[in-house]
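Work through the exercises below with the sequence and the structure side by side. Try each task before you read its solution.

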Amino acid sequence: MLHLWLIPAFPLAGFLLNGLFGRRAPKLFVNLVGVGSVALSFLWVLNTLAALGPLETPHIERYFTWIQSGELRIGFDLVADRLSAVMMLVVTGVGLLIHVYSIGYMAHESGYYRFFAYLNLFMFFMLLLVMAGNFLLLFVGWEGVGLCSYLLIGFWFLKKSAADAGKKAFIVNRIGDFGFSLAIYLIVAHFGTLDFDPVFAAVRERPLETDAGLLTLVALLLLVGATGKSAQVPLYVWLPDAMEGPTPVSALIHAATMVTAGVYMTARCAPIYLQAPIALEAVAWVGAFTAFFAATIGLAQHDIKKVFAYSTISQLGYMFLGAGVGAFSAGIYHLVTHAFFKALLFLGAGSVIHALGGEQDLRRMGGLRKQAPVTFWTLLCAAVAIAGVPPFSGFHSKDAILLAAHHHSPALYWIGVVTAALTAFYVFRALFLAFFGDYRGDPHHHPHESPPVMTVPLMALAALSLAGGYFGVPAWLEPMFPVSEPAHDVALVVVSVIAGLAGIATAWWFYVARPGLADRVAAQLGGLYQLVYNKYFVDEIYGAAVVRPVVEGSEKLAWRTLDVSVIDGMVNGLGARAQSLGDVLRRIQSGNVRSYAAWVLFGAVLVVVAFGFWGGWQ
Amino acid sequence: MTLLNLCLALPVAGFLLILAIPKENHRAIRTAALAVSLLVFGLSLGLAVRFDTSLPAYQFVTNVPWIASPAIRYHVGIDGLSLWLVILSTLLTPVGVLVSWRYIDRRVKEFYALLILMESGLIGVFVALDLFLFYVFWEVSLIPMYFLIGVWGHERRIYAAVKFFLFTMAGSVLMLAAIIYLYTQAATFDYPAILSLVAEGRLRFSPLEETLLFLGFFLAFAIKVPLFPLHTWLPDAHVEAPTAGSVILASVMLKMGTYGLLRFSLPLFPSASREHAPWIAVLAIIGIIYGALVAMVQPNMKKLVAYSSVSHLGFVVLGIFSFTQLGLDGAVYQMLNHGISTGALFVLVGFLYERRHSLEIADYGGVATPAPNLAVVFMITTLASIGLPVLNNFVGEYLVLQGTAQVNFRWTVFAAIGIILSACYMLWLYQRAFFGAAPEPVRAHVHDLSPREWSAILPLVVLMVWMGTATQTFLPPIGAANARILEHTRQNVEFHVKQRPPGAASAEVARAR
């Protein structure tokens, strides 16, 4: 027993302490509990992994039976294997940095304790998600992180847009979870258990011919779940709106950890996907399409957080592309490096927003290089990492995905390369607009650098973004995913690097060398630009095609017509008729005792006849 | 005197005690009602402590003659199915007393007397093992509720009370006819005796007989559940009822219907139950989706919660008619869950009503600012109601859908849509009532929870977490009872099959297994 349970238990305790006592407690208490619990959790992860060593076989700890019904037993089982080890480190490590950063960022907010309580609750559920030993426990974490996402997006609940965004995130995720839960039902119905090991063993051993259709269905349903949580087409629409939440939340939940849960789940279910090639192909194409589609939207956004939100969707698409072409370890690898540089991009953006007193519009920024140097340099580290500039972290992981994609299908590779160019462009566009040129915002406001409690986490993440490519994640994961990776092909690597550099150069040309050129190009593109600028009108289409028909149909057809007019109308009609029948029957109540006696006799005869007919008293 | 008899008799004694208190002395009346209901709750916990899951029989049994001819016996006892429903009733009664503390200010004595009397009827329904006794309790519980709605309700209370009464009576008359017919065949009202007659093949029904009897019982239960399209009495009853009435109605009374299906319909008429299961399941699924859709567009909070009950109870019926261990366990668990979480929702809506004197969602907004604790409790209850894991409803819904998936995956697919929709209507309600800036009337009138209100709602919140995490406290007795019910449905089908032509028989037996 290594007491794995302590890893999620620390943040849970933090949640309870801050949730119950935080409102009246001093800030120091809230900080100590909120950040301290995550620090303890991180240390316990390190301690556990040191004790477990190379983890040749998974380490499982079983605690208690959660649900037992008939033959089905679902236990509270936690697992540490190579995959969950990577995830635990990312979640607690990056999570700790973001908690520290939040001390500075949220310093002046009311509901400070509430913020840390929710954040700790998120850590609990996220750790449960990555450490779960069976599908249902994974699902607990999965729904739990969704809840925390809902609570934190709507943190400023006085704002209607924030409350709307939280609700939208929850409901869209529920649609995804619908698919995930159906997959769970199918797994139990056919394998009789939800524990990972027996299910995967059965999948490997049973003859493919009998189970091919079932496994494909299961894998596709799991994909539906993944598209919800990891914001892939067609369920990505909640993530851009989720930027209503405080920026540390965007960094932790909507960039580094929670949204990657779909990728983790896909990798965890690799044995199923490997027996369901059609579903795996679907994963690849959903990922590739999302990567490209979201990147194009990112080109034209003015809100710095929205740019990074679409970037997150796009990068998650890369991870799915990796998993879909069978390179699960490359997908997880990109998940790790992305956690570093995207958390950094968001925290950096938060530092910029903090410097500008809440301004998020890139058009009202500019020239911040001098006022916020640490933010600038750390953001630059993140930008080169995501743009795939060698030898920084994003280069390694993106490269691994693109090579595997080319091996699988050149078309996927080329989509990835174009997306890489777009990615480099929009990230550097944001960087140039914010830090170069002249300050275009409120002249009375004086931008300032953030305090050390915020900049130190930025620097730590910058170091990770630069060097994260040398952590050897693929080699560590190799034994879990027995698919051989293709050999290095220098030409393919060169092409993708050139694409990234071209994107950076174009951004430089548009926004630094020739300011104003971008607007002219946008004007010339006309309708195409409008289409991209308005995010392809997807929200509007969903609203008109799904939301409005459901709400109005429920109101007019289901409620007012069927329920009130038809069903209740019939009931009331019956009542009215009974009343008129009652008028007739009232005449029987004549007050005449003799006629009553006659009725009693008549009734008694009826009863006797009835019993005689059907058997009677014995 | 067994513990169970005490639980049945004490509320009647409490009823008499309250009648003896002068009607001006409101404080003494309330205190007496609370004391009696808490005492009964404490005693009922003793049932759970001393209940032996390993015994395959009814426990705490009393079986004495009541009426000589026709032979009607006072035969009561509990198994794992009744156990928690009894405790649910005894838990919700003190909650009902607490939420009425200030809400009810006229005819106080009559109110509490009826509330306490009703408890006896509710417990009786869940423990009666004589069909006639069951029918008596069934009606005894109906009458106090009729008065609670009709006397202490809102504007349209008379309409709602009469509608409630007529709907329920329409069903129970048919059930009475079926019970009497059963008596003519079996020569006894004793339920275990009738069951063993059926199991041993000494009591046989023709297919037509069995169908008619099944439908007689089924209609009474389906109205009580309520199953779509027999549900339209429910929204009216809930909207008009005082808080305590809504709480008891939703938490306990609706369960009388699903309890009846499990206790009587399935074991007595297994062939008919299986034969009719497909369309019943379809009605349940329609109820799940339809109830949720209609709940979504309600402008009135209590109506919203009432329609959500139609949706939730659909899961229970679906689980029962899946004829699987998982489905039955989930159905029973879901009965308890719905009692806890929807009961809590009605309690909370009642708290809001006491402050703002309105049930219209549009009259609220921003409640989270003046009443943060109320907002937190309402949020936890909302989350429980939409089936968030770690809270109670998730376990029940999971088991029901898992059980259904083993029989008919298409049912599962459609029913699971209800889980998406539940998030839509509840979160939308929560947003409109609690988020945003608080308008002047809300700021002026809405204050946070008082100690009395805390004491009413906290036990329910604790149970939401407890039942969501430590399910093994509750599930083993339920599972054992359900296993016996399923056993009955199998025995009977095999027996029934022998009368059929050989070709059809093998198919029938295969389906039964």
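Predicted model: local features only at pLDDT ≥ 70, side-chain atom pairs only at ≥ 80, totals over all residues.

Residues are numbered from 1 along each chain as its sequence is written, and chains are lettered from A and ligands numbered from 1 in the order in which they are written.

**Exercise 1.** Find which element of chain B has the lowest mean pLDDT and which the highest.

Solution. Recall that pLDDT is the predictor's confidence in each residue, from 0 to 100. Chain B averages 90, and 96% of its residues score at least 70. Elements are DSSP runs numbered from the N terminus, with helices (H or I) of at least four residues and strands (E) of at least two. The lowest mean, 41, belongs to helix H20 (residues 502-512) of chain B, and the highest, 96, to H14(B). Next, look at residues 494-513 of chain B, where pLDDT stays under 50 and the model has 12 contacts beyond four places in sequence; here two residues are in contact if their C-beta atoms, placed from the backbone, lie within 7 Å. For the model as a whole, the scores are ipTM 0.91 and pTM 0.92.

**Exercise 2.** Describe how S1 and S2 pair in chain A and in chain B.

Solution. Two strands pair if DSSP finds at least two bridges between them.

**Exercise 3.** Decide how H3(B) and H4(B) are oriented to each other.

Solution. Begin with the angle, which is about 170 degrees between helix H3 (residues 80-100) and helix H4 (residues 108-127) of chain B, whose axes are 9 Å apart. Axes are lines fitted to C-alpha atoms, for helices over the stretch in contact, and angles run from 0 to 180 degrees between N-to-C directions. Angles under 35 degrees count as roughly parallel, over 145 as roughly antiparallel, 65 to 115 as roughly perpendicular and the rest as oblique, so H3(B) is roughly antiparallel to H4(B). The contact includes Leu85(B) and Val86(B) from H3(B), and Phe111(B) and Leu115(B) from H4(B).

**Exercise 4.** Is Ser385(B) buried or exposed?

Solution. A residue is buried if 20 or more other C-beta atoms, placed from the backbone, lie within 10 Å of its own, exposed if 12 or fewer, and partly exposed in between. Ser385(B), which lies in helix H14 (residues 372-385) of chain B, has 27 such atoms within 10 Å and is therefore buried. Beyond its neighbours within four places in sequence, its contacts include Ser308(B), Leu345(B) and Met426(B).

**Exercise 5.** Which element of chain A gives the most residues to the side that touches chain B?

Solution. The contact takes 44 residues from chain A and 43 residues from chain B. Among the elements of chain A that give two or more residues are S1, helix H5 (135-153) and helix H6 (160-191). The most come from H6(A), which gives 14 residues.
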